[in-house]
Amino acid sequence: AFFIFNQKGEVVSNSDVRSPIITLGSTSFFHVRVNNLYVVAVTKCNANAALVFEFCYRFVSIAKSYFGKVDEEAIKNNFVLIYELIDEINDFGYPQNSETDTLKTYITTESVMSSNFAAEESSRITVQATGATSWRRGDVKYKKNEAFVDVVETVNLSMSAKGTVLRADVDGHIMMRAYLSGTPECKFGLNDKLVIDKKDQGGGDAVELDDCRFHQCVRLNEFDSTRTISFIPPDGEFELMRYRATSNIKLPLKVIPSVTEVGTTQVQYVVTVKTSFSNKLSATNVVVRIPTPLNTTSVDCKVHSGKAKYVPAENVVVWKIPRIQGGQEVTLSATGALTSTTNRQVWARPPIDVDFQVLMFTASGLIVRFLKVFEKSDYQSVKWVRYLTKASGSYQIRVRGTYRHRSL
Amino acid sequence: MSGQGSQDAKFFQRGKIQEFRAELQAAESKDKKFTKRKTVLKKIVANITMGNDMSPLFSDVIQCLSIPSLEIKKMVYLFLVCYGRSKADHISRVIPSFLEDCEDRNPLVRALAIRTMSYIPTSLVVEEIADPLRHALKDKDPYVRKTAAICVAKLYTADPRKAERSGFVEMLRDLLLDTNATVVANAVAALSEIGDRQDGVIFRLNLTVANKLLAALGESSEWGQIYILDSLLRYVPDRHEDAELMAERIIVQMQHANSAVVLTTIKVLLYLMNYMENRRLMDYICKKMGPPLVTLLSSGPEVQYVALRNILLIIQRRPQVLKNDVKVFFCKYNDPIYVKLAKLEIMYRLARDENAREVLAELQEYASEVDIDFVRKAVRSIGRLAIKVSTAADDCIKVLLELIENKVTYVVQEAVIVIKDVFRRYPGKYEGIIPALCENLDALDEPESKAAMIWIVGQYANRIDNADELMDDLTYTFLDEPTEVQLALLTAAVKLFIYKAQSDTSKALVHKVLKWATEEIDNPDLRDRGFMYWRLLAINPAVAGEIVLAEKPAITTDADRMDRGALDQLLLHTGTLGSIYHKNPETFIRGATGKALTDSPALNAASRQVLVPVSRNNMLPPTAIRIPGPGPRDPRKTVPPPPMPPSDGAPVPSAAPVAEASDLLLDTSPSQEGGDDGDADGDGDGDEDYSQAPASAGGADPYANLDGAFGNYMADEPRPQQSGPLF
């Protein structure tokens, strides 16, 4: 059995988390941090750790969908509701129905009188909550039937100082916003080969996915036998699928750093960012973070596009470029002045990190081939597809160790 | 009304019991929509949340039960769950209202009532709940049934015998065949909970029921799938085909978005593989297992951590899984520290001739980061890599020397510790670097590294010109040193004397140290060893030389893996706490029951050979015995061993002193070397060529344990803290 409780931020010091699980005696504590809040689960059994954390994540996402945000204020303002929710989604430590859509039909922010809460209505809810499609109500109606598909790819790159790719992979999420009436049956197709065995490489524009995982609603058995992705979607927004690709990754941005130490008091940086996609597209919100040694006093930056600034508190030069067109190349050159200190602190030489977004581009080359919607009433539906490739905090280029600390 | 923008935070103020009581009474008049009482109740609940005792309000609060508002009812129920147990004598007053709600037309209310009742395990409630619970288990509404199923587990916790007598366990068993998948899943969960109790009924599945459960899998919620999959471990296949067929049916569940479903599926697959024969299917399963495991690494950091700790176990048992994927375990700069440490361990495990260069480059990179634990572990891993992959040893040594040159204290200390083991692994190959090490003698201030350096000085005293001077300096603080260092000094002084018997310094030195050890030291280990050396030297210095400087068995990393029986057992706990700590749950959780593979005609021979009998209550798998050289130097000695039940104990601890004694005689080095059996580094294709010695041998062989081989290498291993006086 475990309990979930929200501990107000003051309890645990935030920097010193060495493990998300602590066991004292026979009692184990699992925690997940959201903003300044800790969601803590406690157990005295050999609990399924993956389940506990998944449940914590789910609790946070349910709370988000109920209150918009999850912070101390939101928790305090809705504490009664939270008790109600926890009572519903977790019984004696066993997670129960946690589909927001269904929960919202009977646990609401409006108070309900038991007298006028019709028993028939409740029966409908209970059937829904325990049924095979617990994620969808049956009575959804829209004037205009629409479905939006967002393919969002996050590129993880780790490039060595010499420019060799240590690892490059793509975490893809296919988010769907379904505004469809009734109980629609959807079929979804991608240009993937879905050969997880990695036998034959290449061949057409097909993309090879290393692995994919599906939302609860996707019929896995059907996927297993015929490789079709078919499902009855929940109403509103959900993550239909998650995938991972490692082969033939098209890196949208190339970063060529050069860092040279001039004597002991100066460091020169030349960082070039090149785009490698069609010139019809563009990368937006590009932020390049270039770490500087800890004894940097000032940095003089020259850039032709965007703005670059030295942020002493974080020991980085932050270079922001609102937009880079495809095929373009931009360069920053900067000179940093160092104080000569006798005892140099250990400096971890963090990598250069780039954040960016490229619309209508997928680093894996994945495209949505079709989305078909079948429903009894046979209505027309409009589908929209959007692609986005982005990086935030995971696109890292290591810096050549020219100013590695030397023996004194 | 508490709408979207509800502002209930204001209720978080400490209130007085009398005030609340007065407010509740005042609220009774002119409270049409019950908003006043609702407000007071919210204040009370807020106070409960803050940990203030509200139990004196018991009778005032339960009066609100008559109010026909679901929101108020839920708050009162919450109050009852909190204080029902402490106010057991008053609980009789709310029973009628509970019973009434159990008959309500609204299924949500019926379920709420039975659920709340079962949370209050007083004897009266346990008595009164029997009838309504029996009805609820047969309710026409599946929501009530699924709630009632869990209630049985709660009732069983409160009073197992009563629950059995009332026939609830049988009723649960019937629910396994319910038409509604959610009900089935909860019944499975409840039965598993009961079956996991030491005093619980035994819960086993036969093939028919297991197949029925599998059929319900498709319609279950993600959590339900976990309960059902988990229960499959209670099914023991009698024929290879049964295991194979079942594996084929669940393999696709690895594609589920919920990581707990994925890990539980993997657990079942690993389990079933013990009962399979079809080599190709097993290879196929292993191949399919890799990608989902890697995908888990794009989940939240906590789940990543769980996945990594499990991967570490899985790749030891099934080395072909993830064999070529070492790159995905390279650390990202911004990974949380616990993820990094876990990745480092896996990188080392996956290192082979083919990828050693890449791995080494990464380790070198990590060695210049800031987190001390991480850096230390990286440095140690470089040394371990040198020991494991002989083709990479040259490069590793080069890197270690570079690191030593940087003169970062903790890096130097770590490097010295591993280099000592490298010397033992490749005798006569790298001794040329000893002068470089000696330069850093002063930087060593930790017992382990100091002891390692002293070992090096003593062992190679004949190659170090000023060895006697160095030793003289080192022994200067002899009496203030920790035992670990004293022991090392003692042996090193003897070695020095044997090498340089004609040197006056070494003669004086050994005399001084022996005198200290035998006359000034209280530690029996040290004293005994002092006497032993003394007599040895007095009786026959030549024999003493043969003994003290005897050729040491070479260090290998073959014994690095946990033994197979222990692994098989631990893998039954995939995804759980036990898999995080790499300990069987019964060793660190009070009242937990052990698990072990069950023998059946289908169990493959290799697994049977290392079968751990459940009856022994397997406190510690043989490999978990820590024999890190002479006892008192164990840096972990501050952590008391996990509590052992009196029933066990006899065979296990007795092994330890024996091992220590033999180690004492041979050498003072904390190193242990492994048996030479086992294939090189797990590049084979699994259990067939996994020719590890059987489990029993692991227990008897003092060297079959790597924990010892690397001193306190496991210092940063996550482990439950047993010393907590809290519980």
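**Exercise 1. Determine how many aromatic pairs occur over all chains, and characterise the pair formed by A:Y106 and B:Y143.**

*Solution.* Step 1: apply the pairing rule, under which rings of Phe, Tyr and Trp (its six-membered ring) pair if their centres lie within 6.5 Å; planes under 30 degrees apart are stacked, those over 60 are edge-to-face, and the rest are tilted.

Step 1: examine the geometry. A:Y106 and B:Y143 are edge-to-face, with 6.4 Å centre to centre and 85° between the planes.

Step 2: locate the partners. The pair crosses between chains, joining helix 4 (residues 100–106) of chain A, which holds A:Y106, to helix 8 (residues 142–158) of chain B, which holds B:Y143. Helices (H or I, at least four residues) and strands (E, at least two) are DSSP runs, numbered from the N terminus.

Step 3: classify burial, where buried means under 20% relative accessible area, exposed over 50%, and partly exposed in between (1.4 Å probe, protein chains only). A:Y106 is buried because its relative accessibility is 7%, and B:Y143 is buried because its value is 2%.

The model is predicted: local features need pLDDT of at least 70, side-chain atom pairs count only at pLDDT 80 or more, and totals for chains, interfaces and linings use all residues. Residues are numbered from 1 along each chain as its sequence is written, chains are lettered from A and ligands numbered from 1 in the order in which they are written, and side-chain values use heavy atoms, with hydrogens and water left out.

**Exercise 2. Classify the ring pair of A:F148 and A:Y179, and state which parts of chain A the pair ties together.**

*Solution.* Step 1: the ring centres of A:F148 and A:Y179 are 6.1 Å apart with planes at 70°, so the pair is edge-to-face.

Step 1: A:F148 belongs to strand 7 (residues 146–159) of chain A and A:Y179 to strand 8 (residues 165–179) of chain A, so the pair ties together parts 31 residues apart in sequence.

Step 2: A:F148 is buried at 19% relative accessibility, whereas A:Y179 is partly exposed at 27%.

Step 3: ring pairs link A:F148 and A:Y179 with A:Y142 and A:W384 into a cluster.

**Exercise 3. Identify which lysines lie over the rings of A:F370 and B:Y333.**

*Solution.* Step 1: the criterion requires NZ of Lys or CZ of Arg within 6 Å of the ring centre and within 35 degrees of the ring normal.

Step 1: A:K372 lies over the face of A:F370, 4.5 Å from the ring centre.

Step 2: in chain B, the charged end of B:K340 sits over the ring of B:Y333, at 5.5 Å from its centre.
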